[in-house]
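Work through the exercises below with the sequence and the 3D structure in view. Try each task before reading its solution.

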Amino acid sequence: MSSIFILSSLIKVFHWNEAREQIIMQFFGWHVYADRFQFVQKTLDTLIPLSSAVLMGSISLGLIGGLLILLGVRMRLGAFFLILLILPTTLLDHPFWFEVMKEQYHLQLAMFMKSLSIAGALLLIAVGPKLKKENILLS
């Protein structure tokens with residue numbers, strides 16, 4: 001599971017400008033959804049100029065959290081980092097509740113649920129029974 005986050009982070013590093021533009025476009029896209037909620041619009045307006053910092057934070061959480069889990073070192077901390085990454089990303093990336101077209105609604109709902117299931121698995125690592133490094137590497 002950690003490879004998803006590590007690979008995604010590395011792609012963002014090597015395609016920095018595209019990843020930054022994608023974040024900005026997502027923030028702008030949410031303006032359409034948030035037209036009735038001033039707090040959300042102000043938050044988005046604050047985050048747009050900070051898109052490079054948001055991207056750096058995303059890359060850092062994904063790489064550090066993914067590597068900690070992959071290496072079996074401080075796995076609970078790694079899982080916590082990845083939870084901090086996946087929950088807001090899921091809400092921003094897959095707002096199925098706004099979709100009007102049936103196909104897009106079902107696609108976004110499926111992606112939303114997939115991301116929530118990954119978050120659930122990470123939560124088990126973060127707060128579940130302590131896992132031994134040897135058991136993880138052998139399974």
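**Exercise 1: the surroundings of His-94**

Leaving aside neighbours within four places in sequence, His-94 is in contact (heavy atoms within 4.5 Å) with Gln-108, Met-111, Phe-112 and Ser-115. This is a predicted model: local features need pLDDT of at least 70, side-chain atom pairs count only at pLDDT 80 or more, and totals for chains, interfaces and linings use all residues. Residues are numbered from 1 along each chain as its sequence is written, and side-chain values use heavy atoms, with hydrogens and water left out.

Task: Find where His-94 lies and decide whether His-94 is buried or exposed.

Solution.
- Step 1: Locate His-94 in the loop between α5 (75-93) and α6 (102-127). Helices are DSSP runs (H or I, at least four residues), numbered from the N terminus.
- Step 2: Read the relative accessibility of His-94, 12%, so His-94 counts as buried. Buried means under 20% relative accessible area, exposed over 50%, partly exposed in between (1.4 Å probe, protein chains only).

**Exercise 2: an aromatic pair**

Task: Classify the ring pair of Trp-30 and Phe-98.

Solution.
- Step 1: A whole-structure search finds six aromatic pairs. Rings of Phe, Tyr and Trp (its six-membered ring) pair if their centres lie within 6.5 Å; planes under 30 degrees apart count as stacked, over 60 as edge-to-face and the rest as tilted.
- Step 2: The centres of Trp-30 and Phe-98 are 5.6 Å apart and the planes stand at 80 degrees, so this pair is edge-to-face.
- Step 3: Trp-30 is in helix α2 (residues 16-33) and Phe-98 in the loop between α5 and α6, so the pair ties together parts 68 residues apart in sequence.
- Step 4: Trp-30 is buried at 13%; Phe-98 is partly exposed at 29%.

Methods. Helices (H or I, at least four residues) and strands (E, at least two) are DSSP runs, numbered from the N terminus.
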